[in-house]
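Student: Hi! Could you walk me through this one?
Tutor: Happy to. Have a look first, then ask away.

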Amino acid sequence: MAASSGKTVIFDLGGVLLHWRPAQILQLVVPELAPDEATARVLAARLFQSFVPGSPWADFDLGRVDEPTLALRLAAALADALGNDYAATPAQMRRVIDSVPPHLAALPDSVALLVRVKAHGHRLFFLSNMPAPYAAQLPAAHPFLAEFEDGIYSAHVGLIKPAPGIFALATERFELDPAQTIFIDDHADNVTAARRHGWQALHFQTAAQAAAELAAGGWL
């Protein structure tokens, strides 16, 4: 094992290390609701509102609702926001919910980047907005999670990015030196929140882009 560099790299999971294309899920699982990409994007924007306080999916990520309750709330939310043209049943929404874990495939280039980062002796953690049922399935499906020293799933702590509380918790739990910490996330609001907490942060777009930025900053 490489000696510790004294630096810490924190990865988001969905959209960084795991495949996350919600519009694609809708086209595959409920094509009757999302017959084309444009419609799928509209529906995805309404359904997967992890960053909207009080939204059904945010409450799922926070561990406040179970899958049956979420299905009911998602169906109602679509009807309220988009009208009868987008009417969905709880059964359809449950199909969507249940389809997410197998959709979260590992991104090989990102996993390779993770291994490179660890080889440089940096401490590794993850910080993920993730519902408890999905989090429970990830370790068996993704051996690369063993590379991390520890991590935080939103549903396990009742906190969600980009709220400042989850960054404060991570700083305390992981015993971080913010000046020696960099966070990698695919959502700009999360990157901004991490910087406000004193961390360095990188807005992930591709593994190659992230690797180049890490190298430029002296992390690789």
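Tutor: One term before we start: two residues are in contact when heavy atoms of theirs lie within 4.5 Å. Also keep in mind that this is a predicted model.

Student: Good, let's start with S154. Which residues is S154 in contact with, leaving aside its neighbours within four places in sequence?
Tutor: The partners of S154 are D61, L62, S128, N129, M130, L159, I160 and I166.

Student: And where is S154 found, in which helix?
Tutor: S154 sits in helix α8, which covers residues 154–157.

Student: Is S154 buried or exposed?
Tutor: S154 counts as buried, because its relative accessible area is 0% and the cut-off is under 20%.

Student: What does the side chain of S154 reach?
Tutor: The S154 side chain reaches the backbone nitrogen of M130, at 2.8 Å. As for N129, its C-alpha atom is separated from that of S154 by 4.8 Å, although the two residues are 25 apart along the chain.

Student: Nice. Switching to the sheet: what is the order of the strands?
Tutor: The order is β3-β2-β1-β4-β5, in an open sheet of five strands with parallel pairing. At the edges are β3 (150–153) and β5 (200–203), each pairing on one side only.

Student: And by how much are neighbouring strands turned against each other?
Tutor: On average by 20°, with direction ignored.

Student: How many bridges join β1 to β4?
Tutor: Four bridges link β1 (residues 8–11) and β4 (residues 181–185), and the two strands run parallel. Within that pair, T8 stands opposite T181 of β4.

Student: Which strands does helix α9 lie across?
Tutor: Helix α9 (residues 164–173) lies across β2 (123–128), β3 and β4, and runs at about 160° to β3. Helix α10 (residues 188–196) also packs on the sheet, where it touches β4 and β5, and its direction makes about 170° with that of β5.

Student: Now the inside. Which residues touch the most other members of the largest nonpolar core?
Tutor: Those are F11, M93 and F148, in a core of 54 residues. Helix α4 (residues 67–82) supplies the largest share of this core, with five residues.

Student: What is F148 in contact with, neighbours within four places aside?
Tutor: F148 is in contact with F11, L13, L17, L114, L124, F125 and F126.

Student: How many residues are in the second core?
Tutor: That separate core has 15 residues, among them I152, F183, A194 and W199.

Key. Residues numbered from 1 in each chain as written. Predicted model: local features only at pLDDT ≥ 70, side-chain atom pairs only at ≥ 80, totals over all residues. Heavy atoms only, no water. Buried < 20%, exposed > 50% of the residue type's maximum accessible area, 1.4 Å probe, protein only. Polar contact = N/O pair within 3.5 Å; in protein donor to acceptor, adjacent residues only side chain to side chain. Pairing = 2+ DSSP bridges. Axes fitted to C-alpha atoms, helices over the stretch in contact; angles between N-to-C directions. Core = buried A, V, L, I, M, F, W, Y, C linked by side-chain atoms within 4.5 Å.
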